[in-house]
Amino acid sequence: AAILPGAGAEEADALIGRFRSALARRRLETGVCARASAGVAVLGRDAGDVAGLRLAADRALYAQKTGRR
């Protein structure tokens, strides 16, 4: 989980992309396959408070995971 104050969806998506690229590079170095799933939620767009934001991010995470399979 990561909280990115002041970041919007585009910044969060870019961070996720960099993280996945780092995992892919590590796989090439070690032969170990690791994958990551992430759910992005933006305060004000997806929820109005922290509790709602966590719920929205969790829903986005599971939507991303099921879409990948």
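In this predicted model, the chain exposes about 5,400 Å², and carbon and sulfur atoms supply 55% of that area. Taken along the principal axes, the C-alpha atoms fill a box of roughly 40 × 25 × 15 Å. As for secondary structure, there are two helices and zero strands. Looking at contacts in the chain with a separation of 6 or more, 37% come from residues 24 or more positions apart.

Helix H1 takes in residues 9-30, which is 22 residues in total. From its first C-alpha to its last, H1 reaches 31 Å, close to the 32 Å expected at 1.5 Å a residue. Its buried residues are Ala9, Ala12 and Ile16. These cover an arc of only 65° around the axis, so they sit on the same side of H1. Just after H1 comes glycine 31, with a positive phi of about 80°.

The loop between H1 and H2 is where alanine 36 is placed. Despite its loop position, alanine 36 counts as buried because its relative accessible area is 17%, with the cut-off set at under 20%. Its C-alpha atom lies 11 Å from that of alanine 22, a residue 14 positions away along the chain.

The salt-bridge count comes to one. That pair is made up of aspartate 46 and arginine 45, whose closest N and O atoms are 2.8 Å apart.

Helix H2 spans residues 50-68, and glycine 52 is found in it. With 22% relative accessibility, glycine 52 counts as partly exposed, since buried would require a value under 20%. The C-alpha atoms of glycine 52 and alanine 41 are separated by 9.4 Å, the two residues being eleven apart along the chain.

How values were computed. Residues are numbered from 1 along each chain as its sequence is written. This is a predicted model: local features need pLDDT of at least 70, side-chain atom pairs count only at pLDDT 80 or more; totals for chains, interfaces and linings use all residues. Side-chain values use heavy atoms; hydrogens and water are left out. Helices (H or I, at least four residues) and strands (E, at least two) are DSSP runs, numbered from the N terminus. Buried means under 20% relative accessible area, exposed over 50%, partly exposed in between (1.4 Å probe, protein chains only). The expected span of a helix is 1.5 Å times one less than its number of residues. The arc is that of the directions from the helix axis to the C-beta atoms. A salt bridge is a side-chain nitrogen of Lys or Arg within 4 Å of a carboxyl oxygen of Asp or Glu. Contact means heavy atoms within 4.5 Å. Accessible areas come from the Shrake-Rupley method with a 1.4 Å probe; for residues, only the protein chains shown count as cover.
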